[in-house]
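Reader: I would like to learn how to read a structure like this one. Please take me through it feature by feature.

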Amino acid sequence: MHRCLGTDEAGYGPSLGPLVVSATSWRVPDDVDDAGLYRALRKVVSAEPPAPGVKSRRLTLADSKALYSPALGLARLELGALAALRVCGFRTTNLAELLVELATGVSAEEATLPWHAVGVPVPLVCDSAEVDRAADRLARGLAEVQIELTAVAGRVVFPHEFNTLVETLGNKSNVLTCVTLGLVRSLVEACDETGITVGCDKHGGRNSYAPALQRYVVDGLVQTVCEGRDESVYRFADERRCCEFAFRVGGESRLPAALASMVSKYVRELSMHAFNQFWRTHHPDLRPTAGYSGDAGRFRDSIAPTAARLQLAEHRWWRNR
């Protein structure tokens, strides 16, 4: 058996709301790699959602962009993300619990932000019994082919921490790499297997990751296998294990990163739901925001006077970059 890890993020570009980075860890037979997981699990998992009006007993685990948009709604994303989380032992009933279970490390200052006290239920739109049934089918399908989803972990970086990290590290791409590889290290260190592969989406278009791997993940020499526009691959070996790290364009096409994409997007959408819900208690006619450029400025201008009155400093809820 060996271990396949995958990472992805949601919220890299917005000015409002958190950056969420997630990672998944899979224990897999030696004849299956991360590119073959969809095939191995084809009886219970699909990489594509069913056509409109078509019911399927297979659970869709795919890049979050294929499962969620304001027009599509949250149901498909929520069903897949929560079913996988429940297989890993999560028993979340609200957003606050999810942030704790995902080991996000919310600081004392961030915990006092008033929108974190908004009671966002989990699941938000799906029926809990439906999630349980999907989780049971997924667990049986994994056991049938001797594959284990062993862990889902995450980091939620709220605006104050995000701003501080950008000032320290110089740019957003470095922040994403720092947070992602810190998460990778924690999962790699928890692995007992001697063979580990890690698949990540590329970070901000960069091609070189060896210095970052040596800074944040491994204590030793990293071998560069290849570096290019489509893929950058590295290897590291010591007396305990051999690790391969791949940063790919479209990394979410492989199941470990696809599920990480789903969890990241789901946590960010719940966080933005709480954020919008809080501000609409003060401004009932305020149109919700997803936090991206342009519309984020409209939202900031609308809430700024109220934020000042509530003594909520802008750096606590607005990203400088």
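Author: Start with burial: a residue is buried when its relative accessible area is under 20%, exposed when it is over 50%, and partly exposed in between, using a 1.4 Å probe and protein chains only. What you see is a predicted model, in which local features need pLDDT of at least 70 and side-chain atom pairs count only at pLDDT 80 or more, while totals for chains, interfaces and linings use all residues. Residues are numbered from 1 along each chain as its sequence is written, and side-chain values use heavy atoms, with hydrogens and water left out.

Reader: Is Leu187 buried or exposed?

Author: Leu187 has a relative accessible area of 9%, so it is buried. The residue lies in helix 8, which covers residues 172–189. Helices here are DSSP runs of H or I with at least four residues, strands are runs of E with at least two, and both are numbered from the N terminus.

Reader: Which residues does Leu187 contact, leaving aside its neighbours within four places in sequence?

Author: A contact means heavy atoms within 4.5 Å. By that rule Leu187 is in contact with Leu5, Ala23, Ala151 and Ala153, once neighbours within four places in sequence are left aside. Take Ala23: Leu187 is 164 residues from Ala23 in sequence, yet their C-alpha atoms are 8.2 Å apart in space.

Reader: How many helices and strands does the protein chain have?

Author: The count is eleven helices and nine strands. The radius of gyration, taken over C-alpha atoms, can be set beside the globule rule, which is 2.2 Å times the number of residues to the power 0.38. For this chain the radius is 20 Å, close to the 20 Å that the rule gives for 321 residues, so the chain is as compact as a globular protein of that length. Along the principal axes, the C-alpha atoms fill a box of roughly 60 × 45 × 30 Å.

Reader: What part of the 321 residues is buried?

Author: Buried residues make up 52% of them. For contacts, consider pairs at least 6 apart in sequence: 69% of these join residues at least 24 apart.

Reader: How should I read a residue such as Ser261?

Author: Begin with its place, then its cover, then its partners. Ser261 is found in helix 10, residues 255–282, and with 1% relative accessibility it counts as buried. Not counting residues up to four places away in sequence, Ser261 touches Asp8, Asp63, Ser64 and Glu252.

Reader: What joins the side chains of Ser261 and Asp63?

Author: A polar contact is a pair of N or O atoms within 3.5 Å; within protein, one must be able to donate a hydrogen and the other to accept it, and residues adjacent in sequence count only if both atoms are side-chain atoms. The side chains of Ser261 and Asp63 are joined by such a contact, of 3.3 Å.

Reader: Where is Thr7, and what does it touch?

Author: Thr7 is in strand 1, residues 2–10. Its relative accessible area is 2%, so Thr7 is buried.

Reader: Where does Val218 lie?

Author: Val218 lies in the loop between helix 9 (210–216) and strand 7 (223–227). With a relative accessible area of 6%, Val218 is buried. Beyond residues up to four places away in sequence, Val218 touches Arg185, Leu213, Phe236 and Phe245.

Reader: What should I look for in the backbone?

Author: Most residues other than glycine have a negative phi, and most peptide bonds are trans. In this model, a cis peptide bond joins Val122 and Pro123, with omega about 0 degrees. Pro123 is found in the loop between helix 5 (108–111) and helix 6 (128–144).

Reader: Which phi does Gln146 have?

Author: Gln146 is not a glycine, but its phi is positive, about 60 degrees. The residue sits in the loop between helix 6 and strand 5 (148–157), and at 58% relative accessibility it counts as exposed. Gln311 also has a positive phi, near 60 degrees. Gln311 is in the segment after helix 11 (295–309), and its 69% relative accessibility makes it exposed.
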